[in-house]
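Dear colleague,

Please find the structure below, handed over for your study.

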Amino acid sequence: MTRAEEFERLRPLLFSIAYRILGSVSEAEDAVQETWLRYSRAGTEPESARNYLSATVSRIAIDVLRSARVRREEYVGRWFPEPLLDDPYEDPARSAELADSVSTAALLLLERLSPLERAVFVLREVFGFGFDEVAAAVGRSEAACRQLAVRARRHMDDGRARFAADRRARAQLADGFFAAFRAGDVEGLKELLAADVSLIGDSGGKAPLWGDGVFGAANVARVLAALTAPFAEVGGVMEPHDLNGQPGALFRDREGRIVNTITLDILDGRVQTIRAVLNPDKLRHLGPVADAWSVIRETNRARRVR
């Protein structure tokens, strides 16, 4: 197998590592490309291409994350990870860890960790690398990596909500939610929302947003239901789709361009949090992006006419 073939075989793993460390599709893709450049220029053949490439992409991602932290501190409003349609890496032996670690809620918890803690947690807890491999990847001793892993696990466990393990039940609830959403059924929505549900968004100051959020089942249900008919009247379409391993949806304008995405956090048979990504910079990897300001103006005009 040539280096190029070996790299392509491992590309899904490398992207999945980088995405979990960075929370950004575009930055993860750049990290993977830089990994290939370094691999292609390496003078000697590594003993294990998997270990060499995983270590390389991890170190690159750590460096990118350190600089990204500064930008995120200056970010306008809430910061959410870029939505991921499909995780390219699959491992039946670690399917639960992989699915949990890519959720929006888990990625936001990972934001609380230092770059080193985050990389150690991803490599060890999510992908099951040995501590000797983790140590080689992050440039620390095995003992130091064990300590980093303990601290990271503690932070994650302290903040982690216990989301529904029954994926079939979660999918059924999501189907009901989107059916009620599409119908503009306020009461139907309220029945599926937690009493303290929150509707929050990430626009980066580059798209319309409903202040700091909408809170409470009655308020969220009314806001969602009020948008349905006028958005459809101006040609808008909602496409339910799993995002970050969670039930979610893509919203498109009449030209098929992406307006925003939403994901649902579901716990105890209710929708606890609805997160929307509207920042166009975080949607470009999904396809052509709409002018959300124009879409919302047209939608609001349709509301007033009705």
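Helices H1 and H6 cross in a right-handed manner, where right-handed means that the near helix is turned clockwise from the far one by less than a right angle, and left-handed anticlockwise. This is a predicted model, in which local features need pLDDT of at least 70 and side-chain atom pairs count only at pLDDT 80 or more, whereas totals for chains, interfaces and linings use all residues. Residues are numbered from 1 along each chain as its sequence is written, and side-chain values use heavy atoms, with hydrogens and water left out.

The axes of H1 (residues 3-22) and H6 (residues 115-126) come within 9 Å and cross at roughly 135°. Axes are lines fitted to C-alpha atoms, for helices over the stretch in contact, and angles run from 0 to 180 degrees between N-to-C directions. Helices (H or I, at least four residues) and strands (E, at least two) are DSSP runs, numbered from the N terminus. H1 and H6 are therefore oblique to each other; angles under 35 degrees count as roughly parallel, over 145 as roughly antiparallel, 65 to 115 as roughly perpendicular and the rest as oblique. On the H1 side, the contact (heavy atoms within 4.5 Å) is made by Ile17, Arg20, Ile21 and Leu22, and on the H6 side by Arg118, Ala119, Val122, Leu123 and Val126.

The largest nonpolar core has 50 residues, of which Ile17, Tyr19, Phe127 and Val138 touch the most other members. Such a core is a set of buried Ala, Val, Leu, Ile, Met, Phe, Trp, Tyr and Cys residues joined through side-chain atoms within 4.5 Å. Buried means under 20% relative accessible area, exposed over 50%, and partly exposed in between (1.4 Å probe, protein chains only). H1 gives the most to this core, with ten residues. A second, separate core of 33 residues includes Phe177, Ala207, Val214 and Phe251.

Most residues other than glycine have a negative phi. Asparagine 244, although not a glycine, has a positive phi of about 55°. Asparagine 244 lies in the loop between strands S3 (237-240) and S4 (248-252), and at 2% relative accessibility it counts as buried. Aspartate 268, also not a glycine, has a positive phi of about 55°. The loop between strands S5 (258-267) and S6 (270-277) holds aspartate 268, which is exposed, with a relative accessible area of 69%.

Yours sincerely
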